[in-house]
Amino acid sequence: MMMYCAKLPRLAYVTFTGGPKMAQAKVYTLDEFVQDVGQVFSDHNDPRAQAQKVSKHLSGLLKVPDSLEGRLDPPTDGEFTMQNLHLDKDRGHPSPGFLVMVSTLAAGWGNVPHDHGTIWVVYGVYKGSIQQTKYQWVYPEGEWTAPQFTVIQKFIQKPGEISFFLPGEIHDTSNASTERSLVVRVESRSLEGHWRHMYNLENNAAVASTSAAPPPAE
Ligand SMILES: [Fe+2]
């Protein structure tokens with residue numbers, strides 16, 4: 001007999017074989033996670049609601065020990081690498097093309113402040129730890145034409161911890177571990193080819209870019 005168990009993560013099922021004391025939990029898989037993410041786009045149009053629902057599913061996936069074992073081919077070199085796990089042709093926000101991927105960050109790696117245009121991105125740490133820094137344009141009182149690019153938050157994400165950035169939000173990410181960190185990312189639509197901006201904290205400059213990778217240092 002198979003039944004839903006409310007005390008376990010969503011979509012965790014318990015199969016009873018030989019009585020309750022013999023119960024074995026069926027783990028939440030990457031394929032089930034991808035199905036659930038797709039369903040979120042079918043059920044919700046609001047980006048905040050979408051990102052929150054996807055975060056809960058990703059938290060469930062990351063609670064499963066070695067949940068991506070056998071599905072990853074992590075590189076052993078390279079400062080920053082990406083491996084796509086699922087690119088969806090039918091669903092996403094603001095248009096089809098949501099992407100589930102894993103990024104690997106070498107020790108000491110960090111990118112420049114950037115937004116994701118009209119796309120939201122959920123970040124869940126699989127291994128290692130990362131630092132996230134959030135930025136905002138702040139207008140000094142009475143200086144309504146002199147916005148200052150400003151740090152508003154910094155936090156560390158450890159394995160299993162989730163954060164997300166909604167359309168228009170600005171952040172940068174750096175590896176907070178001395179080892180290579182692995183991060184599961186869900187992009188509401190693949191960032192590849194999508195217009196967005198990179199920012200310079202020191203001179204309040206911004207530059208538009210369609211690349212998923214940070215621009216070369218100037
Ligand atoms: Fe980002």
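Colleague: At what angle do helix α1 and helix α2 pack?

Modeller: This is a predicted model, so to speak of local features we need pLDDT of at least 70, side-chain atom pairs count only at pLDDT 80 or more, and totals for chains, interfaces and linings use all residues. Residues are numbered from 1 along each chain as its sequence is written. Helices (DSSP H or I, at least four residues) and strands (E, at least two) are numbered from the N terminus, and helix axes are lines fitted to C-alpha atoms over the stretch in contact, with angles from 0 to 180 degrees between N-to-C directions. On that basis α1 (residues 30-43) and α2 (residues 47-63) have axes 9 Å apart and pack at about 170 degrees.

Colleague: Are α1 and α2 roughly parallel or roughly antiparallel?

Modeller: Angles under 35 degrees count as roughly parallel, over 145 as roughly antiparallel, 65 to 115 as roughly perpendicular and the rest as oblique. The angle here is about 170 degrees. The two helices are therefore roughly antiparallel.

Colleague: Which residues of α2 make the contact with α1?

Modeller: Two residues are in contact if their C-beta atoms, placed from the backbone, lie within 7 Å. On the α1 side that gives Leu30, Phe33, Asp36, Val37, Val40 and Phe41, and on the α2 side Gln50, Lys53, Val54, His57 and Leu61.

Colleague: Which elements are included in what covers the buried residues of α2?

Modeller: Buried takes 20 or more other C-beta atoms within 10 Å, exposed 12 or fewer, and partly exposed is in between, with C-beta atoms placed from the backbone. In α2 the buried residues are Gln50, Ala51, Val54, His57, Leu58, Gly60, Leu61 and Leu62. What covers them includes α1, β7, β10 and β12.

Colleague: Is Asp66 buried or exposed?

Modeller: Asp66 is found in the loop between α2 and β4, and its phi is near 50 degrees, a positive value in a residue other than glycine. Because 10 other C-beta atoms lie within 10 Å, Asp66 is exposed.

Colleague: And what about Asn204, buried or partly exposed?

Modeller: Asn204 also isn't a glycine, and has a positive phi of about 60 degrees. Asn204 is found in the loop between β13 and β14 (205-209). With 13 other C-beta atoms within 10 Å, Asn204 is partly exposed.

Colleague: How far apart in space are His197 and His116?

Modeller: His197 is found in strand β13 (residues 196-200). His197 and His116 are 81 residues apart in sequence, yet C-alpha to C-alpha their separation in space is 7.5 Å.
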